[in-house]
Amino acid sequence: MLEIIRARGEDPSGYLLLESIQKDRGFDTWFAQVTPRLEALGIEVNHAISDRAKALIKLAVTGFECTSGADTFHEQYGLSRWLSPALGRRKAKADQCCELAQKALDQPSRGASTEEKAALAAQQACAWEARAQVEQAQQEYQKQLLGIAEEIHPFSLEENTRTTAESVVAGLETRAQALETLAAQQGIQDTRSALKKFRAQIGALSSHVSFWWLWVEEILLGWSLDEATRQWLTSKLLPVLYWHYQMRKTQNRVHRKRYQEAWQRALEAWKADPFHSGFSESELQRWLEWGEWMVRQFHRSSSAVEGRNGRLSQLYHNGRGLTKCRLAALTVIHNYGVRRSDGTIAAERLFSTSFPDLFDWLLNQMGELPLPRKSRHRVVHNPLKLEIVPA
């Protein structure tokens, strides 16, 4: 079993601290593998984010003697396994009922009376209404699922005020209640106790916010700053930099729009506060560099491309089925790329003849890749929109 430990879950560097093949994934194996590597690098772990495997929780609490934070991605995935396929099946069934009702109305049986035609029209109306209800339920499900990630931020999306672990817990419980109500309305049973498991991890999810703020406060306390400067940094500068960073990082269009709106509100509040006018250019630049470094240290998930997360990211939306192109590609890989222990592929066993290596054949078919028409220029982002302060 391949085990990977990453320096920071969402660190753009993607640097790996440890990569090891081990059959046993218990606490003793983890601790024995990780400890020498961390000691050699001089790294001390203060907050560990992972899925809720018992060995990893024990590694954080007992081995590293720190807080064990829950992985946001895994918790969202657990809820999606519960509701997404069930709602998808209901939507497919509603579409089929609407199609059958439309066909019956378009091609009534010979000699159908006016009453029979009216009954078919009423049946079609019921089918449409049922489909609309399922579509509304799907939209509510997506809203609440995305809302889980929106709750776990050090600043409020609406007011840009400082969030606490208590406010995160309250927000996540509200999302859980909304999903529970939706499932009850749709008659979806929670046979795997997904909601119970999610609620059990709410405290671990909120730890990301409390740890980050503790880190900020310790740094500022070590610099012996006056209260006015500390208040300006935590309530005016950091919100602008944080939402600007999140806006550029996210790939979700809904999140990006929400983050952009939060950034614009934070920017207006920063401009309206005259406190920063008392800083020189060099001082403002120093605070900007520190703030950008600080907002990059907020993490709530382990890497979405490593190990089990990479596999889950492919399965995240598979409740809706496979596309024709993906299915065709998987068929080719299965027939010509996957080899058994004896080194043969399926096509070779079926046709009793050899075939060229799939990857080599694909490279020969591709030919030379075209060069870009114009080289990309590095974009310098400026969260404060100031000429004197490069981002």
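Biologist: Which side chain meets R230 in a salt bridge?
Modeller: In this predicted model, the partner of R230 is E217, with 2.8 Å from N to O. The pair links distant parts of the chain, since R230 belongs to helix α8 (residues 227–249) and E217 to helix α7 (residues 202–222), 13 residues apart.

Biologist: And is R230 buried or partly exposed?
Modeller: R230 has a relative accessible area of 22%, so it counts as partly exposed, and E217 is also partly exposed, at 22% relative accessibility.

Biologist: How many salt bridges does the structure hold?
Modeller: There are eleven, and one of them joins E135 to K91, where the closest N and O atoms are 3.8 Å apart. That pair connects helix α4 (residues 114–151), which carries E135, with helix α3 (residues 72–106), which carries K91, across 44 residues.

Biologist: Which network do K91 and E135 belong to?
Modeller: Salt bridges with shared partners join K91, D95, R131 and E135 into one network. Within it, K91 is buried, with a relative accessible area of 19%, whereas E135 is partly exposed at 32%.

Biologist: Switching to aromatics, what lies over the face of W213?
Modeller: R162 does, at 4.0 Å from the ring centre, and W213 itself is part of an aromatic cluster with F155, W212, Y242, W243, Y259 and F298.

Biologist: Last one, which residues make the nonpolar surface patch?
Modeller: F359, W361, L362, L363, M366 and L369 make a patch of about 650 Å²; among them, L363 sits in helix α14 (residues 358–366) and is partly exposed, with a relative accessible area of 43%.

Conventions: Residues are numbered from 1 along each chain as its sequence is written. This is a predicted model: local features need pLDDT of at least 70, side-chain atom pairs count only at pLDDT 80 or more; totals for chains, interfaces and linings use all residues. Side-chain values use heavy atoms; hydrogens and water are left out. Patches are made of residues with over 30% relative accessible area and no salt bridge: like charges are joined within 9 Å, nonpolar side chains (Val, Leu, Ile, Met, Phe, Trp, Tyr) within 5 Å. Accessible areas come from the Shrake-Rupley method with a 1.4 Å probe; for residues, only the protein chains shown count as cover. A salt bridge is a side-chain nitrogen of Lys or Arg within 4 Å of a carboxyl oxygen of Asp or Glu. Helices (H or I, at least four residues) and strands (E, at least two) are DSSP runs, numbered from the N terminus. Buried means under 20% relative accessible area, exposed over 50%, partly exposed in between (1.4 Å probe, protein chains only). Rings of Phe, Tyr and Trp (its six-membered ring) pair if their centres lie within 6.5 Å; planes under 30 degrees apart count as stacked, over 60 as edge-to-face and the rest as tilted. A charge sits over a ring if NZ of Lys or CZ of Arg is within 6 Å of the ring centre and within 35 degrees of the ring normal.
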